[in-house]
Every structure is written in C-alpha cells, then in structure tokens.
Amino acid sequence: MILRPLVLADKFEAVQAHKELAFDNFDFLLDSLGKYDETGEWTAYLDRLESLRRGEQVPDGWVPSTFLVAEVDGRIIGRVSIRHELNDYLLMRAGHIGYGVRPQFRGRGYAKEILLMALEIVRGLGVRDVLVTCSESNVASSNVIESSGGVLENMIVTEDGERVRRYWIVVPD
C-alpha cells in the first residue's frame, strides 16, 4: 500500500469512493469550500488540496492539512487527512488524523496500515502527541486506534449528540 496525493486521473474512482462512503455519513473527499461538489472543476479541487498542504489560502476554521489516498494494486482503497495542527474544533472532534476505507476493502488491515503510515507523516511535521478520534459506535476504528498505540483520554458528546472517543498516540522521535 502507498499513500499519495490525488492526481487528475483519480477523479472517477475518488468520486465513486466519495459516494460509497456517503452511506456511512463520511466525507471521503474534503473541500475547504464546503461539501465536495462533483460538478466542480477537478483541477481546482486538487489545487485547493495542495494549497492546504502548503498552508496557503487556508480558510477560517481550517488548518494546514495533507490529504492522501491509499492505493493498493492501482486501486484507491481509502484516504487519510492529516491536520498539521489543531484548532478548537479539531481538538474536540476530529483530531490530527482522519482516515477511511472503502467498504469493499474493509477487514483487511488497511485502516491500521493507513493510520501507522499517517503517524510517520505527522512525526515528520514535528507533532509528537497525536489526537485521533472516532465515533463511539465505530468499534472497528476504536480497535484500529487502540492497536496502533492509542490511549483513550475521554469520550465527549458533541452539540449534535454524537458520542466521540478521543485517543492520544505518542509518536517517538
């Protein structure tokens, strides 16, 4: 498995993954302009992701972040969003790392592999205490986080009533 940025040729498969994960109420494709708009210009979307990675033109409420897809045998099987720092929202709700695996590729260990690779990237950014969160109902993700060194700090209830588990992973130098 490799983690890599999206490219022009990925549009069809990435949009398909976005539709698949919408059933889980999960945004596969993120967009700093709001919900990803399939009718929008793909190159402009890729440019926005690159700007976020460089920390340029970061909209209010967002932080610099790196968006990568996970690829196995030429297929996009998942994705990860790595936030270079935390704001108040991320500190309580979403953490440094958000990942997802397409339904047909689940149960094969890819989520753990994505998380472990993302932790190496975060370490390269100088972050040592990494916050990773998941919904209380997402037992598979809780297991992935815990088996990757996550220590549960607490569980919070968000404004919309979702119960979120907050884990910290210490990344060694």
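Predicted model: local features only at pLDDT ≥ 70, side-chain atom pairs only at ≥ 80, totals over all residues.
Q: Is strand β4 mostly covered or mostly open?
A: Terms come before the case. Strands (E, at least two residues) and helices (H or I, at least four) are DSSP runs, numbered from the N terminus. Buried means under 20% relative accessible area, exposed over 50%, and partly exposed in between, with a 1.4 Å probe and protein chains only. Strand β4 spans residues 97–101 and is mostly covered, with five of its five residues buried. I97, Y99 and V101 lie on one side, G98 and G100 on the other, and all are buried.

Q: In which sense do β3 and β4 pair?
A: Two strands pair if DSSP finds at least two bridges between them. Strand β3 (residues 75–83) and β4 pair in the antiparallel sense, over five bridges. One of the links joins S81 to its bridge partner G98 in β4.

Q: Which residues have the most contacts inside the largest nonpolar core?
A: A nonpolar core is a set of buried Ala, Val, Leu, Ile, Met, Phe, Trp, Tyr and Cys residues joined through side-chain atoms within 4.5 Å. The largest one here has 27 residues, and V80, I97, Y99 and L115 have the most contacts inside it. Elements giving two or more residues to this core include β3, β4 and β7 (163–170). Helix α4 gives the most, with seven residues.

Q: What is the volume of the largest pocket, and what lines the pocket?
A: Rolling a probe the size of a water molecule over the atoms shows where empty space is left. On a 1 Å grid over the protein atoms alone, a pocket is an open set of points where a 1.4 Å probe fits, with protein on both sides within 12 Å along at least five of seven lines; lining residues have an atom within 4 Å of a point. The largest pocket has a volume of about 1,400 Å³. Its lining has 46 residues, and N25, F26, D27, R79 and Y99 lie nearest its centre. β4 gives the most to this lining, with five residues.

Q: How many aromatic pairs are there?
A: Rings of Phe, Tyr and Trp (its six-membered ring) pair if their centres lie within 6.5 Å; planes under 30 degrees apart count as stacked, over 60 as edge-to-face and the rest as tilted. The whole structure holds one aromatic pair. W42 and Y45 form this tilted pair, at 5.3 Å centre to centre and 35° between the planes. They are separated by about one helical turn, because they sit three residues apart in helix α2 (residues 42–54). W42 is buried at 5% relative accessibility, and Y45 is buried at 1%.

Conventions
Residues numbered from 1 in each chain as written. Heavy atoms only, no water. Points joined across faces, edges and corners; volume = space filled by probe spheres on them.
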